[in-house]
Each structure stands twice: as structure tokens, then as C-alpha cells.
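Subject: The structure, and what turned up in it

Hi,

Here is the structure I said I would pass on. Have a look at it first, then read my notes below.

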Amino acid sequence: MPSVPSLTFNNGVSIPQLGFGVFLVPPPETAAAVSTALDAGYRHIDTAQGYQNEQGVGEAIARSGIPRDEIFITTKLVNGQHGYDRTMAAFEASTERLGIDVLDLFLIHWPLPMFDQYVDTWRAFEQLLADGRVSAIGVSNFEIAHLERLANETDITPAINQVELHPDFSQADLRAYHEAHGILTEAWGPLGQNQGLLDEPGLVAVAEKHGRTPAQVVLRWHIQVGNVVIPKSVTPSRIRENIDVFDFELDDADMKAFADLDVGRRLGPHPNEFDLV
Ligand code: NAD
């Protein structure tokens, strides 16, 4: 089994640096995919209320027989449930679907600044943490301005910010802000969401040099720059391939080849504009 290192949040709780993402995994296929991931050695699963597959995640975890405290589970508040009371109710519903008492990490999925509710939502997150219902609280798709507003108006610094991040969109400014404020960086779309990144000649050359696949060297890059990373696949061989990245290292020339890919290519919506509820 690959040995996955952990990173430590600003509240002392640890998170396995590599996990299994289940965005767009169809609900009926989720339990099987998560079971394959657990068999391959993943101990960190990233789901969301909006993915509608929390139940499958819970089923696979229950079936696995792996002690609950050995598996790290993240879920995210769906956009339509912002606000203090709705957040509290939505959290309870998630724990029921996942079949757990205490969640490891709860994230605000998107800030939706146009609705101006994320500060109230964060106060509910702080209460859930104080109540011991969740071990750590964080955000997703937050820009520096949103993080600054939480810092000015609330008490607890997010443990982590999960954002779009891949070698051609490395989020250098946001990562520097996180580092200065004790916030971990988590990369979504880490493999570039199957939109050409893995065919980049510079990256393919690094993969060939190490006798690994392009996906593996990209995941290795995320590990070496210090990101938490949550690749998704439903293909068993790829699920295993994506965690098999802890027995080789990229050198300075490889890291330079990755830096050359960083052209600021955002694939998803800008968090200031995304308003889907
Ligand atoms: P990803 O970059 O992980 O891409 C997944 C796709 O890459 C797969 O569907 C497959 O086509 C391809 N792939 C996977 N393994 C491969 C391999 N070994 N070789 C070749 N191709 C391979 O993108 P993602 O799924 O969008 O992101 C990962 C996770 O991040 C999600 O599952 C989800 O948990 C999370 N996420 C969060 C947000 C957010 O707003 N917070 C948004 C998107 C995704």
C-alpha cells in the first residue's frame, strides 16, 4: 500500500495529502468507486452535497470495515443552503447520508459574494466546530478578498481553501496568501479535468524521464509544492495509478518544466461570478 503523508491544519488536525474526489461520479457508481479507492490505499474522500453521492461514499466506508478514525471525509455545503439556520440543517442531513456522527472537514463550496451570506454561513461553521460535530472547517473557491472578510468579521481562520489549481493555473498569489495566514491549499481539477493538460509536451517529457504517466508526475508536482490533492477517476487502474506517486521525486529541472506550463489557464468559473444555486 502506498504511504500517503499528512499535512496539519492550523487547529492541529491532520489531513492525508492525497485523497479521492468524487465530483461527477454517478450516485449508483459511487460506492464501487470509493471501495476501489479504499482498497488501493486512499484514506481521504472528497464529496459534496451538490454531487448527490454522499450516500454512496457512506455505504463504501461502512462496508470497508476500516475504522472510522482511519478515514478522512470532506463534504461541502451546497450553494442553495447558505445562511446560519439552513447551514445547520444541511450539515445534519449530510451526516445522515454519510452515516457518521462527526465529519472530518466541512467546506463552504462557493462564496457566492453576490448574495452576501458567506459570513453568516461561516458563523454556523464555527458553531459546528464548537459543538464537536466537525473536526475542521474550511472554504472552497474563496478569493483573497473573501478570506480577508472572514478574517475581519469572524473568529476562526479556515483550515483550508479548496480551489481550482493545476500546473497551468498554479494560483501563486492565493497560495502565498494562504501560507502567510496558516491556511492549507487544496487543489481541485488537479489533473486539468481531461482538457489537454496531460498531453503537454513538456509534461510528457518529464513523465518519460521518470518512467511514469503524465497524471502521476502532475500529482507528484502537487505533492511537492505542498498542495492537498484529490484526483478523480472511476477507472480502477487509474484510481491505483493516481495514488502510486510516493516512490519518486521531481528534481529542479522537472519543477522548472512545470513552472513553464503556468499560463493562468482557468477551466472553471470565476468565484466572483459563479452564482448557481
Ligand atoms: P481532475 O483534474 O481530477 O480530472 C478528472 C478526470 O481526469 C477524470 O474524469 C479522467 O477523465 C481524467 N483522469 C483521471 N485519472 C487519470 C489518469 N491516471 N490518466 C489519465 N486521465 C485521468 O478533475 P475533477 O474531478 O474536477 O477534480 C478532482 C476533485 O476535486 C473532484 O472529484 C471533486 O472532489 C473536487 N472538485 C471540487 C470543486 C469545487 O468547486 N470545490 C470543483 C471541481 C472538483
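Let's start with the shell around the ligand: by class, it has 11 nonpolar, 11 polar and 5 charged residues. In this sorting, Ala, Val, Leu, Ile, Met, Phe, Trp, Tyr, Cys and Pro are nonpolar, Asp, Glu, Lys and Arg are charged, and the others, Gly among them, are polar.

Before you go further: this is a predicted model, where local features need pLDDT of at least 70 and side-chain atom pairs count only at pLDDT 80 or more, while totals for chains, interfaces and linings use all residues. Residues are numbered from 1 along each chain as its sequence is written, and side-chain values use heavy atoms, with hydrogens and water left out.

**The ligand**

In total, 27 residues surround the ligand (each has a heavy atom within 4 Å of it). The closest are Asp46, Ser140, Leu191, Gln193 and Asn242. Helix α9, residues 236–243, gives the most to this shell, with 3 residues (helices are DSSP runs of H or I with at least four residues, strands are E runs of at least two, and both are numbered from the N terminus).

Which atoms make polar contacts with oxygen atoms of the ligand (pairs of N or O atoms within 3.5 Å)? A polar side-chain atom of His109 is 3.3 Å from a ligand oxygen, and a side-chain N or O atom of Trp188 is 3.5 Å from one. Gly192 uses its backbone instead, with an N or O atom 3.3 Å from a ligand oxygen. Taken alone, the ligand exposes 830 Å², and the protein buries 91% of that (areas by the Shrake-Rupley method with a 1.4 Å probe).

**Pocket and cavity**

Rolling a probe the size of a water molecule over the atoms shows where empty space is left. On a 1 Å grid over the protein atoms alone, a cavity is a set of points where a 1.4 Å probe fits but cannot get out, and a pocket is an open set with protein on both sides within 12 Å along at least five of seven lines; lining residues have an atom within 4 Å of a point.

The ligand takes up the space of the largest pocket, which holds about 1,100 Å³. Of its 41 lining residues, the closest to the centre are Phe23, Leu24, Gly189, Gln193 and Lys232. By class, the lining has 19 nonpolar, 17 polar and 5 charged residues.

The largest cavity has a volume of about 50 Å³, and its lining includes Trp110, Asn141 and Trp188.

**Two loop residues**

Asn141 has a positive phi of about 60 degrees, although it is not a glycine. Asn141 sits in the loop between β7 (134–140) and α5 (144–153). Asp116 also has a positive phi, near 55 degrees, and lies in the loop between β6 (103–108) and α4 (118–130).

Cheers

Technical notes: Polar contact = N/O pair within 3.5 Å; in protein donor to acceptor, adjacent residues only side chain to side chain. Sits in = over half its atoms within 2 Å of the grid points. Points joined across faces, edges and corners; volume = space filled by probe spheres on them.
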